[in-house]
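Please open the model in your viewer and keep the selection tool at hand. The tour moves from one selection to the next and says what is there at each stop.

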Amino acid sequence: MPGNQEVMWPRLVANKILRKRLGSNNFVADFPCNKEIPSLDRPSLSPNSIFSHHKDTHNYRIFVSTWNVGGVAPPEDLDIEDLLDTGNTSCEIYVLGFQEIVPLSASNVLGSENSKVAMKWNSLIRRALNNKKKPHCLDKIQHSNEEQNKNIPGQDFRCIISKQMVGILITVWVRSYLCPYIRYPSVSCIGCGIMGCLGNKGSVSVRFRLHETSFCFVCSHLASGGRQGDEKLRNSNVSEIFSRTSFPRGPSLDLPRKILDHDRVIFLGDLNYRISLAESNVRLLVDERDWKSLLENDQLRMELMNGQFEGWNEGSIQFAPTYKYRPNSDVYYGCFHQSKKGEKKRAPAWCDRIIWYGKGLKQHEYDRGEENFSDHRPVKAIFTAEVGVLHSLKQFQSFFLSERFDRITSQTDDFVCKGRSSFQI
């Protein structure tokens, strides 16, 4: 009956949300997670021995990338090492964010996630990061204290968090020798899409503590649209993400709950901010590679100066707009000599961005990749992060790099981590 058909969609949505909260706090990792790390597996430290020593500051290199892959599964011949630049750059932490890893459909929007696609991406990442045939070369960034000796064990990478919400995926990888110092990994998913709550748009935020410093990475896909005023929808999404994202306080109730309360915060994704110029002017300036004039009218740059992202930082953009390309080509969508009759023309824009908040992060590189099977180009950045390390813990490093470390790294199966979990090390 027509009357029944009219209420079916809202009922379906409501039932889905009531039955299963969008974006649970479960995530995939290489190690099982428990609420507490058993004391018999860690050196015993008395409070006096901890607090009688000062903190050191170590520097860790972090690779961050974001890529809207346009609902296309990764091709069999995709060489993701080019994106990760593993032949020229060596980092301790890799954070990769993806958007639209599955095509938009009713089942996907309602939270029926295709985990096989996420597994395929993680498999490609694992293979690229742990490719022993291509040795890591030293870059200009100074190596951290733990890696001065390149022969120490634990140089392979392990996944500490991988979380998917509909088309958004964020996956975090660290060198194995850092795993004993990772605590309290957690995720928070916010849907901002259809009806203001579904997960076709929104964010997946992950957090963890490395030594004594908390990290938060927010992978987002904001509202699309190039019409005047559409940026207000994106700003509204950002406001929702900041206000609704929440993490557990931890067993000692001393962990940050909100995004901006963390020590090191990086926001990445298809933010969808456009250039506030006529399309013909945008295309002309792109052809002239006049990035300065384009960026003066970039909506995100305006928000960084006085808006939703006031107080945030972004590196210098010296690369072409990353959207919108014809897939498998280097031609922007809607170019006059390439456009088809009746085809929408979307002006090029820097939709894909990486920004950061607060102190203790220094950006060394900010560039785009040239993988072209999507209508977006990936964007990548390299940071150095300052991390506080308790001086009294340094003497225990050899313990974690010996028999206990060997026991945990022998595990190869993925585990699902539930609730307020930390690693069992």
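**Stop one: a mixed sheet**

Begin by selecting strand S10 (residues 264-270) together with S12, which pair in the antiparallel sense over six bridges; two strands are said to pair if DSSP finds at least two bridges between them, and strands (E, at least two residues) and helices (H or I, at least four residues) are DSSP runs numbered from the N terminus. This is a predicted model, in which local features need pLDDT of at least 70 and side-chain atom pairs count only at pLDDT 80 or more, while totals for chains, interfaces and linings use all residues. Residues are numbered from 1 along each chain as its sequence is written, and side-chain values use heavy atoms, with hydrogens and water left out.

Within this pair of strands, look for Gly269, whose bridge partner in S12 is Arg353. Then widen the selection to the six strands that form an open sheet in the order S7-S8-S9-S10-S12-S11, with mixed pairing. Strand S7 (182-191) and S11 stand at the edges with a single partner strand each, so one side of each is left without a neighbour in the sheet.

Helix H9 (residues 299-306) lies across S11 and S12, running at about 10° to S12.

**Stop two: an arginine in helix H6**

Select Arg234, which lies in helix H6. Is Arg234 buried or exposed? At 0% relative accessibility it counts as buried, the term for under 20% relative accessible area, with exposed meaning over 50% and partly exposed in between (1.4 Å probe, protein chains only). Not counting residues up to four places away in sequence, Arg234 touches Leu222, Ala223, Ser224, Gly225, Leu271, Asn272, Tyr273, Arg274 and Gln299. The C-alpha atoms of Arg234 and His221, which are 13 residues apart along the chain, are separated by 9.2 Å.

**Stop three: covered strands**

Next select strand S4 (residues 93-99), where seven of the seven residues are buried. Ile93, Val95, Gly97 and Gln99 lie on one side of S4, and Tyr94, Leu96 and Phe98 on the other. Strand S3 (residues 55-68) pairs with S4 in the parallel sense over seven bridges, and Trp67 has Phe98 in S4 as its bridge partner. S4 also pairs with strand S6 (residues 168-175), in the antiparallel sense over six bridges, and there Gly97 stands opposite Ile170.

Eight bridges join S5 to S6, and the two run antiparallel; the bridge partner of Arg158 in S6 is Val174. The hairpin of S5 and S6 has two residues between the strands, and in it Val166 takes a positive phi near 55°.

**Stop four: the nonpolar cores**

A nonpolar core is a set of buried Ala, Val, Leu, Ile, Met, Phe, Trp, Tyr and Cys residues joined through side-chain atoms within 4.5 Å. Which residues of the largest nonpolar core touch the most other members? Of its 56 residues, these are Leu210 and Phe217. Strand S14 (residues 379-390) gives the largest share of this core, six residues. Select Phe217 and, leaving aside neighbours within four places in sequence, find its contacts, including Ile62, Val95, Ile170, Phe208 and Leu268.

**Stop five: aromatic rings**

Rings of Phe, Tyr and Trp (its six-membered ring) pair if their centres lie within 6.5 Å, and planes under 30 degrees apart count as stacked, over 60 as edge-to-face and the rest as tilted. By this rule there are 19 aromatic pairs. Phe208 and Phe215 form a stacked one, 5.5 Å centre to centre with 15° between the planes. Trp312 and Tyr357 have ring centres 5.2 Å apart and planes at 50°, so this pair is tilted. To finish, select Phe242, Phe267, Phe309, Trp312 and Tyr357, which ring pairs link into a cluster.

Methods
Contact means heavy atoms within 4.5 Å. Axes are lines fitted to C-alpha atoms, for helices over the stretch in contact, and angles run from 0 to 180 degrees between N-to-C directions.
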